[in-house]
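Thank you for making time this morning. I would like to take you through two interfaces, one inside a chain and one between chains, so please have the model open as I speak.

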There are 2 protein chains.
Amino acid sequence: MEAILNALKDALGADAVRTGSEIESRYLGDWSAKSAHAPLAVVLPRNTQEVAAALRLCNALRQGVVPQGGLTGLAGGAVPTSNDICISLERLAGIEEIDRSAATMTVRAGTTLQAIQEAAEAADFEFQLDLGARGTCQIGGNLATNAGGIRVIQSGTARDQVLGLEVVLADGSVLSAMGKMIKNNTGYDLRHLFIGSEGTLGIITRAVLRLAPRPAARHTALCALSGYESAIALLQTLKARLGKELSAFELMWPDFFELGVAFSRSQQAPFSTAYPLYALIEHTSYANDRHDRLAQALARQLESGLLLDAVIAQSTSQARSLWEIREATAEFPVKLTPINFDISIPIGDIGNFVDTCRAQLQSRWPASRAFFFGHIGDSNLHVTVDGRSIPGVPPDALEPVVYDLVRTFQGSVSAEHGIGVHKRPFLGYTRSETELACMRSIKRALDPNGILNPGKLFS
Amino acid sequence: MEAILNALKDALGADAVRTGSEIESRYLGDWSAKSAHAPLAVVLPRNTQEVAAALRLCNALRQGVVPQGGLTGLAGGAVPTSNDICISLERLAGIEEIDRSAATMTVRAGTTLQAIQEAAEAADFEFQLDLGARGTCQIGGNLATNAGGIRVIQSGTARDQVLGLEVVLADGSVLSAMGKMIKNNTGYDLRHLFIGSEGTLGIITRAVLRLAPRPAARHTALCALSGYESAIALLQTLKARLGKELSAFELMWPDFFELGVAFSRSQQAPFSTAYPLYALIEHTSYANDRHDRLAQALARQLESGLLLDAVIAQSTSQARSLWEIREATAEFPVKLTPINFDISIPIGDIGNFVDTCRAQLQSRWPASRAFFFGHIGDSNLHVTVDGRSIPGVPPDALEPVVYDLVRTFQGSVSAEHGIGVHKRPFLGYTRSETELACMRSIKRALDPNGILNPGKLFS
């Protein structure tokens, strides 16, 4: 152990290798606030070559390595054990280039998402990945976990924002594929293999990101619906009318909605009566005209009776207060004891899933309070159970119930948060033995000594 | 050899295994019309289980297998040698399901692209992949090669149309990942690994495809420009005004344009004078309004002087005749002796690349006639040299010249056609040794006996 720490200090300099009490507590856990451990060391490389040097040494000595970004994950994917060495990418930060013609930005892995969004905006572009942790999360982590967020319906997940990638492999070799091309059919798409692999196949050090034009306007509306079938009909109508300009379709079931209103700053309910279902909708417009196509489409659906009611935001602040209801989830850790599920279900079956899941939870734990909401346009449902409603019941008791149902509905046990360690026991619920065997053989091929993020994804 | 043919006949039935004179000539080569060979046999499985049975037998006997779809490829990727057994997916055809709520279509690999497009349309959806070979090519081949085509700027390549995939692996095991979820962060994205792997990692048997809403209208225009910088400025302006509704941005250099007009049915030049550069532009609109945002945007650019001239199609037939100029490439094999290049170059550098490439070709072969055109919005340039202008010069002589320049410009030697066998010597021009080593180790991990499409991609 001394040997590897000394070798790392020799290679990267003593100030790049922290041990014992030099290790700040933030390196010990992530936002899931479970299982925090002090690692053997935290290594802080300044550039790709130093990441490569660190991996070369660790691989030679079969030392487990945990790559770390902003540590905002919820699956324990960047949390070390006491036998691991963490490699934090935080010093490898900064934007290297914005290519206006190619509409690309070249960034280092440790750059925060917000810094990237702001730099894009300053250059009159938009970087389309967005999520709540934007100020802290780093692009390397966003890519390693294929982050989703609030605009997937329009622009896809993190992987869809990437043209080029630089990755340091387990043996310290540097795989550089930093091309700016949109089309590149020359063998296996390694980019998509590393993105979402949660640091188990390599450490992402740099990337070429796609930039989108800045939209002219964003229009927001909140709709009241009679049930899930109406929600699907509305989603299809809006997709047909707005195409890829439909940028959010967030569904909230009444339990969640009431909590959202109660947790919002104004605490004002937007409707004077309660409804079976609520949809928060956003239209990102590129046309600089006064015609709001969202308002037009909703007016028609109010007439046809598909919508029971609708509030169309007339100002940015009104839009923000509608979003506040949906973003009440930020208050959950403070005001509830949240047990969270992040799952995917085929879009047509989500309504049925919610009813079934709620019934199963209540039949086992009659006092349980569950809140259902999600990015329905992306087939992504979030379920939060308030742990205070079922005192003494460990979160682990709920997981098999929910995930078993996800399996029955042919969904996915993780839509956007990843597997990490927390969801590892359930990976086999929605990926087959053949898929897992295929993943393991790729892992063995690229990391034969198993040094990269050991225990994550697979045991 | 007799042993394996008998075993295949036992497993699949005698009528599913063709040998010798029973093998029709269409199985021998692809649309590149190079190197046609009669294989040992052509096997015609009816379902996934039969594909699995065939691969199990071939793997046990280390028999090379070439998967075949519609055989419209241009890189020799589906062309057998005389030692191979072809597995044609043509009997595994048909659409299994359209899920309206999820906006998905479940298809078998042997279904033609056109059948998929038509079924989508009949259900009031659009399948957004489109390319010239639509009537013959099969979706399995489209996915195995990650086909591009004419609408990539709006909707991406083949891989972007896929949610779920079923693949038979080298050992005959069936990897089924036929989920309808848009978000699914549960381990490695195997889907993207198989897509574009040209049949070297597994045989795609079924897929869950994404469907898009049907657009309300398509608007087409042809613009005359003073040079490449104006083209980039126009592209950026239109992206900013139309967002993802900009569905084509095809640039044509004068040599190509004049040929296109000459090869078109009307042979009428749309402009009375010649210009340095031409852009064919398409706007796919989802709004059912009378305001044509493309026409508005172009009018503004005519006023500002960015455009020298523009023709905006006033009818479907006028739009078709503008497209005919661009699609004159269909006449190339008949009226020229085309030597074709399909390359990617970072968008900002394409103008410079064209000038440099043209100059280099002319300095070596002063009489050479080269035609430049491409999907510039996707960073994809096509170059066609008329072999008749350089009699006696073999096509092979031109390749190192062009691909060397592609390497210098940090582009890609194949944008959309793939590597197959024809581009194999040049794969290393734009993929690094580390990338190739990584690909080879994945290949060894998933196909240890090297039976899947031997000699394709790698030697």
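Let me begin inside chain A, where 3 residue pairs, both partners at pLDDT 80 or more, are in polar contact across the interface of domain 1 and domain 4. On the domain 1 side, the residues that touch domain 4 divide into 2 nonpolar, 4 polar and 1 charged. Please keep in mind throughout that this is a predicted model.

How many salt bridges does the rule find across the interface of domain 1 and domain 4 of chain A? The number is 0. As for the extent of this interface, 7 residues of domain 1 of chain A are in contact with 7 residues of domain 4 of chain A, and the area buried between these two domains is about 520 Å², with carbon and sulfur atoms giving 61% of it. Lys34(A), Leu74(A) and Ala75(A) together supply 76% of what domain 1 buries against domain 4 in chain A, more than any other three residues.

To place these two domains in the chain, the domain assignment of chain A gives domain 1 as 2-88, domain 2 as 95-213, domain 3 as 217-329 and domain 4 as 336-434. The C-alpha centres of domain 1 and domain 4 of chain A lie 32 Å apart. Separately, an unreviewed UniProt entry lists residues 35-214 of chain A as "domain: FAD-binding PCMH-type", and over that stretch the chain is 21% helix and 24% strand, with its end C-alpha atoms 41 Å apart.

Now let me turn to the interface between the chains, where 85 residues of chain A are in contact with 85 residues of chain B. The area buried between chain A and chain B is about 6500 Å², of which 58% comes from carbon and sulfur atoms. Lys183(A), Asn185(A) and Tyr188(A) supply 16% of the area that chain A buries against chain B, more than any other three residues.

Across this interface the rule finds 8 salt bridges, and Lys183(A) takes part in a salt bridge with Glu416(B), whose closest N and O atoms are 2.7 Å apart. Between chain A and chain B there are also 31 residue pairs in polar contact, again with both residues at pLDDT 80 or more.

Which elements of chain A give two or more residues to the side that touches chain B? They are strand S9 (174-177), helix H6 (190-194), helix H7 (228-242) and helix H15 (433-446), and H15(A) provides the largest share, with 9 residues. The residues on that side of chain A divide into 35 nonpolar, 34 polar and 16 charged.

Technical notes. Residues numbered from 1 in each chain as written. Chains lettered and ligands numbered in written order. Predicted model: local features only at pLDDT ≥ 70, side-chain atom pairs only at ≥ 80, totals over all residues. Heavy atoms only, no water. Contact = heavy atoms within 4.5 Å. Buried area = accessible area lost by both parts, 1.4 Å probe. Salt bridge = Lys/Arg side-chain N within 4 Å of Asp/Glu carboxyl O. Polar contact = N/O pair within 3.5 Å; in protein donor to acceptor, adjacent residues only side chain to side chain. Helix = DSSP H or I, 4+ residues; strand = E, 2+ residues; numbered from the N terminus. Nonpolar A, V, L, I, M, F, W, Y, C, P; charged D, E, K, R; others polar. UniProt positions renumbered as here; feature names shortened; annotations may be inferred. Domains from an automatic or database assignment.
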